[in-house]
Amino acid sequence: MNIKKIILLFTTIMGLCLGLSSCSSYRAVLARDDEKYGEARFQNIIDALENKDKEGIKKMFSSNALKEAKDIDGGIEYLMKFYKGKLVSKEGAYNASHSKGDGEKTITMKYFYMVTTDEDKFIVFFIDKVYDKKILIMWDCICCK
């Protein structure tokens, strides 16, 4: 009887260890510091907007996103005219969600910043999606007066 309890206990512990480690393995594959990543991405966006670096902004998008975009150059041109001034302050928030479907692991990270420049106030919102470690970037910048 004691041997059965030991085997049952051992089997239960092994099952829990395997179950818990599989979740951590999934997280380890896609693990990253989402807040730090968002701050770096935000700073790259602001730097490109302030320096009127159209190619810098274009390089932030995946090749797939660039293929699917309608008039990406016109959209970037619009943003360049729209964003005015130099960054004075910002307040940000982000949300990350993880999913797994059809054998594909995905992280969706949404970043939202209230930006004050020396000329105006803006909202900078962007979404980064990671598909099996490949990043697809979408973002938008809209004015908030």
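## Strand pairing

Which residue stands opposite Met109 in E3? In this predicted model, the residue facing Met109 is Asp128 of strand E3.

## Nonpolar core

The largest nonpolar core comprises 24 residues, and those that touch the most other members are Phe42, Leu49, Ile57, Tyr113, Val115, Val124 and Phe126. At least two residues of this core come from each of H2, H5, E2 and E3, and H2 gives the most, with six residues.

When its neighbours within four places in sequence are left aside, Tyr113 is in contact with Gly38, Glu39 and Phe42, with Lys90, Glu91 and Gly92, and with Phe122, Ile123, Val124 and Phe126.

## Helix H5

Helix H5 spans residues 72–82, and its buried residues are Ile72, Ile76, Leu79 and Met80. Viewed down the axis of H5, these buried residues fall within an arc of 100°, and therefore they line one face of the helix. The face of H5 that is turned away from this buried side carries Tyr78 and Lys81, both of which are exposed.

## Salt bridges

The structure holds four salt bridges, among them one between Lys90 and Glu39, whose closest N and O atoms are 3.1 Å apart. Because Lys90 lies in strand E1 and Glu39 in helix H2, this pair ties together parts that are 51 residues apart in sequence. Lys90 is partly exposed, with a relative accessible area of 33%, and Glu39 likewise counts as partly exposed, at 32% relative accessibility.

Another of the salt bridges is formed by Asp128 and Arg41, with 3.4 Å between the closest N and O atoms. This pair links distant parts of the chain, since Asp128 is in strand E3 and Arg41 in helix H2, 87 residues apart. Both Asp128 and Arg41 are buried; Asp128 is also the residue that stands opposite Met109 in the strand pairing. A further salt bridge joins Lys54 to Glu77, the closest N and O atoms being 2.6 Å apart, and this pair links helix H3 (residues 54–58), which holds Lys54, with helix H5, which holds Glu77, across 23 residues. Lys54 is partly exposed, with a relative accessible area of 37%, and Glu77 is partly exposed as well, with a value of 29%.

## Glu35 and Ala93

Glu35 belongs to helix H2, residues 34–50, and is partly exposed, with a relative accessible area of 48%. Although Glu35 and Ala93 are 58 residues apart along the chain, their C-alpha atoms are separated by 8.5 Å.

Definitions and conventions
Residues numbered from 1 in each chain as written. Predicted model: local features only at pLDDT ≥ 70, side-chain atom pairs only at ≥ 80, totals over all residues. Heavy atoms only, no water. Buried < 20%, exposed > 50% of the residue type's maximum accessible area, 1.4 Å probe, protein only. Helix = DSSP H or I, 4+ residues; strand = E, 2+ residues; numbered from the N terminus. Arc of directions from axis to C-beta. Pairing = 2+ DSSP bridges. Core = buried A, V, L, I, M, F, W, Y, C linked by side-chain atoms within 4.5 Å. Contact = heavy atoms within 4.5 Å. Salt bridge = Lys/Arg side-chain N within 4 Å of Asp/Glu carboxyl O.
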